[in-house]
2 protein chains.
Amino acid sequence: MTKEFPKTPRNQVRRIPHRGRYDKATIYPIIDEALICHVGFALDGQSYLIPTLHARQEDRILLHGAKGNRMLKHLQSGGEVCIAITLVDGLVLARSVFHHSINYRSVVLFGRGESIEGKEEKLAAMEIVTEQILRGRWQEARQPNQKELDVTSIVAVTIESASAKVRTGPPIDEEEDYTLPVWAGVLPIRPAVGNPEKDLRLREGLPVSPSVMNYSRRGR
Amino acid sequence: MTKEFPKTPRNQVRRIPHRGRYDKATIYPIIDEALICHVGFALDGQSYLIPTLHARQEDRILLHGAKGNRMLKHLQSGGEVCIAITLVDGLVLARSVFHHSINYRSVVLFGRGESIEGKEEKLAAMEIVTEQILRGRWQEARQPNQKELDVTSIVAVTIESASAKVRTGPPIDEEEDYTLPVWAGVLPIRPAVGNPEKDLRLREGLPVSPSVMNYSRRGR
């Protein structure tokens with residue numbers, strides 16, 4: 001398995017190229033930290049986007065949904081998709097409006113899919129998808145039965161091409177603007193979890209699950 | 001101005017249709033609360049996605065970037081885009097793996113763009129874009145000069161068709177699963193801001209700007 005995706009016209013970062021990265025060591029942790037992705041596909045020259053949950057299994061992105069899902073059907077019939085994943089890390093507040101920006105880590109990848117079939121293969125894929133939502137949850141919850149597997153489509157998109165774009169650090173202003181009396185810096189943003197809200201029909205006396213208490217998206 | 005987008009084959013919510021909404025009163029606050037969107041466009045049958053900052057001006061989405069930006073050039077030449085905006089509100093943790101989900105508010109819209117030209121028009125658009133990042137910032141920071149405006153493209157995408165999809169509330173389990181000894185409920189997620197990190201070259205004695213102290217994305 002190579003460690004880097006080749007730079008091609010399709011995945012090359014054109015705007016601010018020094019922010020572009022092509023190595024899996026940068027790209028895969030961004031995919032793994034994100035809870036959702038956006039999947040784009042073209043039908044009759046029209047682009048469609050769908051936000052959805054995802055998980056990574058080595059060099060493949062797993063997508064799942066109900067049988068009949070248009071995006072999954074497109075993939076099952078050999079269609080190509082573009083998948084974007086974006087993590088926002090903060091507002092970059094410069095002294096000039098022009099140099100305002102955000103700190104972010106984003107990935108754009110391209111690939112074609114293949115349907116995952118067979119009970120064991122589907123269960124293995126659903127475990128990865130479930131653990132991507134919440135680590136440890138697969139063992140806590142009731143696992144899918146045959147009927148549930150039958151109505152679920154799972155597709156694995158092999159990553160053919162990918163790039164990441166990353167901005168970190170403080171604002172960069174025009175040299176003559178540094179003396180302006182304008183507060184400048186970064187306002188960090190990150191997804192924070194609130195207190196778990198228990199289901200009103202929860203069985204009495206059940207403590208909050210370890211998976212919920214240990215929720216974290218970093219370092220996956 | 002009508003209050004609702006017509007339901008057409010293009011914008012109709014097909015999966016779990018009762019989550020679909022077509023009224024501006026639902027759609028516009030989602031667009032306004034989000035910091036970024038994903039823009040999809042088709043070139044030669046291939047779909048491309050770009051994450052970017054956005055702002056709404058009545059029935060138009062404003063997108064901006066450097067002159068030469070491929071997505072903006074596509075729009076300036078009359079091309080169509082699909083724009084998706086997704087806010088994640090929480091993990092929905094059911095007793096069964098199958099009924100796991102997330103609470104979210106998402107919008108998918110379609111439209112074509114037109115270039116915003118002329119100094120006054122571009123400044124007005126940049127003000128809306130800047131205020132979308134951080135309310136109050138336009139008056140605090142140095143506003144764009146002619147040279148900066150000249151290297152910036154701004155495009156307004158008129159929303160031709162749009163739909164929102166919203167999930168709220170607790171997990172819905174199979175009736176027979178409610179007795180399982182599995183903690184179920186919702187783990188709320190929201191973007192939280194950290195402490196402002198001042199630029200190392202900040203002029204001495206400058207307090208954090210009111211815009212930063214008052215940052216909030218709700219109720220825009």
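Colleague: What rotation superposes chain B on chain A?
Modeller: This is a predicted model, where local features need pLDDT of at least 70, side-chain atom pairs count only at pLDDT 80 or more, and totals for chains, interfaces and linings use all residues. Residues are numbered from 1 along each chain as its sequence is written, while chains are lettered from A and ligands numbered from 1 in the order in which they are written. The copies are superposed by least squares on the C-alpha atoms of residues with pLDDT of at least 70 in both. Chain B lands on chain A with an RMSD of 0.0 Å and 0.0 Å of shift along the axis, and the copies are thus related as by a two-fold rotation axis, the rotation being 180°.

Colleague: Which residue of chain B comes closest to that rotation axis?
Modeller: Going by C-alpha atoms, the distance to the axis is 2.1 Å. The residue of chain B at that distance is B:Pro191.

Colleague: How many residues of chain B are in contact with chain A?
Modeller: Two residues are in contact if their C-beta atoms, placed from the backbone, lie within 7 Å. The same surface serves both copies, since 100% of the contact residues of chain B recur in chain A. Chain A puts in 81 residues, and the count for chain B is 81.

Colleague: And which strand of chain B gives the most to that side?
Modeller: Helices (H or I, at least four residues) and strands (E, at least two) are DSSP runs, numbered from the N terminus. The top contributor on the side of chain B that touches chain A spans residues 185-193 and gives 9 residues. That is strand β9.

Colleague: How many residues on that side of chain B are nonpolar?
Modeller: Ala, Val, Leu, Ile, Met, Phe, Trp, Tyr, Cys and Pro count as nonpolar, Asp, Glu, Lys and Arg as charged, and the others, Gly among them, as polar. Sorted that way, the side of chain B that touches chain A has 17 polar and 15 charged residues. The nonpolar ones number 49.

Colleague: Over how many bridges do β9(A) and β9(B) pair?
Modeller: Two strands pair if DSSP finds at least two bridges between them. These two run in the antiparallel sense, and A:Ile189 has B:Val193 as its bridge partner. The number of bridges is 5.

Colleague: Which strand of chain B does β9(A) also join, over 2 bridges?
Modeller: The two strands run antiparallel, and the bridge partner of A:Val186 there is B:Glu197. In the other direction, strand β10 of chain A pairs with β9(B) over 2 bridges, where A:Lys198 stands opposite B:Gly185. The partner of β9(A) is β10(B), residues 197-198.

Colleague: Within chain A, which strand is joined to β9(A) by 4 bridges?
Modeller: This pair is antiparallel too, with A:Pro188 as the bridge partner of A:Gly90. The strand covers residues 80-93 and is β6 of chain A.

Colleague: Which residues touch the most other members of the largest nonpolar core?
Modeller: A residue is buried if 20 or more other C-beta atoms lie within 10 Å of its own, exposed if 12 or fewer, and partly exposed in between, with C-beta atoms placed from the backbone. A nonpolar core is a set of buried Ala, Val, Leu, Ile, Met, Phe, Trp, Tyr and Cys residues joined through C-beta atoms within 7 Å. Beyond four places in sequence, B:Ile83 is in contact with residues including B:Cys37, B:Leu109 and B:Val157. Of the 118 core residues, the ones asked for are A:Ile83 and B:Ile83.

Colleague: Is A:Asp44 buried or exposed?
Modeller: A:Asp44 lies in the loop between β2 and β3 of chain A and has a positive phi of about 55° although it is not a glycine. There are 6 other C-beta atoms within 10 Å, so A:Asp44 is exposed.
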